Amino acid sequence: SQTIDRLANRLCDSHWILRDLWRDNLLVDSNNRWIHSVDVGASRIDWPAFDFVRLVGSLLEPKQFDRGLEPWAYLLDAYNATNPVSDLPPAHDLQTIHEVSTAIAILFWSKKWSEPNIAPEIAESRTKRMKELLQVFLAS
């Protein structure tokens, strides 16, 4: 797509990101306030949009994707308000990155799901993850 080509050839500022920033890696208190992030093993210097896309994509419910760009634009505005030097692309581009990365994740997990001699609890966990990804992908 034109969006992917344009983004692939874009010069981007990079800094330290978590790379695995999504809802299951956030510890929150009883009031749903963020306390800490876990699983920082994938951290590296990269483009901050990857953290934004992963987090927003994991926090939005599939029904919110029916509202189009509205949640992405709103959250991007909030991000930019707290990060005035942000160079993140428009919300539409971020949502496209999310859709492409979700499709890639579906392929990854489908290969993992079909591995032989998997413990039942791991197979169940992978099946659950595949269903979540497919639901998100089909809603977008």
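1. Let's start with D46, which sits in strand β4, a run covering residues 44-46. Keep in mind that this is a predicted model. Is D46 buried or exposed? D46 counts as buried because its relative accessible area is 13%, and the cut-off for buried is under 20%.

2. What does the side chain of D46 pair up with? Its polar contact is with the side chain of R44, at 2.7 Å. Looking past the neighbours within four places in sequence, D46 also touches D13, S14, H15, I17 and R19.

3. Next along the chain, have a look at W47. Setting aside residues up to four places away in sequence, W47 is in contact with L7, R10, C12, D13, S14, I17, D87, L88, P89 and I97.

4. W47 also turns up in the largest nonpolar core, a group of 13 residues. W47, F52, W72, L76, L88 and L94 are the ones with the most contacts inside that core. As general background, nonpolar side chains in soluble globular proteins tend to be buried together.

5. Finally, over to the surface, where I4, V100 and I104 make up a nonpolar patch. Together they have about 230 Å² of accessible area. I4 belongs to helix α1, residues 2-8. Why is I4 called partly exposed? Because its relative accessibility is 31%, which falls between the 20% and 50% cut-offs.

Methods:
Residues numbered from 1 in each chain as written. Predicted model: local features only at pLDDT ≥ 70, side-chain atom pairs only at ≥ 80, totals over all residues. Heavy atoms only, no water. Patch = residues over 30% accessible without salt bridge, like charges linked within 9 Å, V, L, I, M, F, W, Y side chains within 5 Å. Areas by Shrake-Rupley, 256 points an atom, 1.4 Å probe, with all protein chains shown as cover. Salt bridge = Lys/Arg side-chain N within 4 Å of Asp/Glu carboxyl O. Helix = DSSP H or I, 4+ residues; strand = E, 2+ residues; numbered from the N terminus. Buried < 20%, exposed > 50% of the residue type's maximum accessible area, 1.4 Å probe, protein only. Core = buried A, V, L, I, M, F, W, Y, C linked by side-chain atoms within 4.5 Å. Contact = heavy atoms within 4.5 Å. Polar contact = N/O pair within 3.5 Å; in protein donor to acceptor, adjacent residues only side chain to side chain.
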